[in-house]
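Subject: Predicted structure for your review

Dear colleague,

Please find below the sequence and the structure that I am handing over to you. My account of the findings follows directly after.

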Amino acid sequence: MAFRLSNNLVGILNLITFLLSIPILGAGIWLRREGVTECEQFLDTPVIIIGVFLMLVSLAGLIGACCRVTWLLWLYLVVMFLLIVLGVVFTIFAFVVTNKGAGQVISGKGYKEYRLGDYSNWLQKRVTDNKNWNKIKSCLADSKVCTDFHDKYLNASLPEFYQAHLSAVQSGCCKPSNDCQFNYAGPTNWTRGSGVSNNTDCNLWDNDPKTLCFNCEACKAGFIDNLKSSWKKVAVVNIVFLIFLIVVYSVGCCAFRNSRRDNDYHQGWKP
């Protein structure tokens, strides 16, 4: 009875995982074939790898549990154990690298500004790498974050704009730094004043919608801040996923133990 119950549970759980892996794999293949932008092409390989991995692991668990293939169950449990270990490591790592850094409150402004040096060195190195940043810029352009920002605040007066609650990416990429003391002509249209600033981002600002402050350190810092928030959410979800994996792993261990016991019984019993 215990053998049937544990094996049935493993079989059902892996059947669900197998069915979920099909749309994930399909989405990756679609992105590879139909993806036009660099951002879409950047996502296809990881999605395909995840889809294939889930499909193979779930098949191993499904066949091993339902067909009583002990070696497949053993392989399945090894992979599950490694997944749990990797999940724990990733969760700890995510909380460590996202623990440092936050936006700076600007007096009289509704938004915050962001400094690259405030964030973890690991995130800084990954984001500021030219190859990585070019892909990130492509994704930001595809998302039209600054276009939407421009349209939203097009008719806003200067006091209204200063009280706006901007996202980290909007604050860092779509407008110049407060240090530059530029004159406001529109949300993405600023003229240089007579003030002098040591902030290197001031020389990188351009009113061209394709340029703006996408090459500024503030933009990279804003992206990191947004990434930091996303990683923390993923880490919390990952904890729930880990609990699920541990439950499945425990049930799988019971199925493996009962499968071996059943095999030993049949090998030892000779009519």
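From the N terminus on, the elements follow the order α-α-α-β-β-α-α-α-α-α-β-β-α-α. The protein has 10 helices and 4 strands; helices (H or I, at least four residues) and strands (E, at least two) are DSSP runs, numbered from the N terminus.

Residues are numbered from 1 along each chain as its sequence is written, and side-chain values use heavy atoms, with hydrogens and water left out.

Overall figures

Of the 271 residues, 39% count as buried. Here buried means under 20% relative accessible area, exposed over 50%, and partly exposed in between (1.4 Å probe, protein chains only). The protein exposes about 15,700 Å², and carbon and sulfur atoms supply 63% of that area; accessible areas come from the Shrake-Rupley method with a 1.4 Å probe, and for residues only the protein chains shown count as cover. Among contacts between residues at least 6 apart in sequence, 66% join residues at least 24 apart, a contact being heavy atoms within 4.5 Å.

The largest pocket

The largest pocket has a volume of about 1,400 Å³. Of the 44 residues that line this pocket, P46, I50, F90, V234 and N238 are the closest to its centre. Two or more lining residues are given by each of α1 (2-34), α2 (38-66), α3 (70-97), α4 (121-128), α5 (130-143) and α10 (217-268). The largest share, 12 residues, comes from α10. At least three lining residues are drawn from each of domain 1 (1-100 + 230-268) and domain 2 (104-223), with domain bounds that come from an automatic or database domain assignment.

By class, the lining of the largest pocket divides into 33 nonpolar, 9 polar and 2 charged residues. In this scheme Ala, Val, Leu, Ile, Met, Phe, Trp, Tyr, Cys and Pro count as nonpolar, Asp, Glu, Lys and Arg as charged, and the others, Gly among them, as polar.

The terms used for pockets and cavities are as follows. On a 1 Å grid over the protein atoms alone, a cavity is a set of points where a 1.4 Å probe fits but cannot get out, and a pocket is an open set with protein on both sides within 12 Å along at least five of seven lines; lining residues have an atom within 4 Å of a point. Grid points are joined across faces, edges and corners, and a volume is the space filled by probe spheres set on the points.

The cavity and its surroundings

A search of the whole structure finds 1 cavity of 30 Å³ or more. The largest cavity has a volume of about 30 Å³ and is lined by E113, Y114, R115, S171, G172, K175, P176, S177 and A218. Its lining holds 3 nonpolar, 3 polar and 3 charged residues.

Q170, in helix α8 (residues 168-173), counts as buried because its relative accessibility is 16%. Beyond its neighbours within four places in sequence, Q170 is in contact with V145, F149 and K175. N178 sits in the loop between α8 and β3 (183-186) and is partly exposed, at a relative accessible area of 29%.

Individual residues in the helices and loops

Y76 belongs to helix α3 and, at 2% relative accessibility, counts as buried. I29, in helix α1, is partly exposed at 40% relative accessibility.

Most residues other than glycine have a negative phi. K144, in the loop between α5 and α6 (145-152), has a positive phi near 55 degrees. L212 also has a positive phi, near 40 degrees; L212 lies in the loop between α9 (201-204) and α10 and is buried, with a relative accessible area of 2%.

With kind regards

Definitions and conventions: This is a predicted model: local features need pLDDT of at least 70, side-chain atom pairs count only at pLDDT 80 or more; totals for chains, interfaces and linings use all residues.
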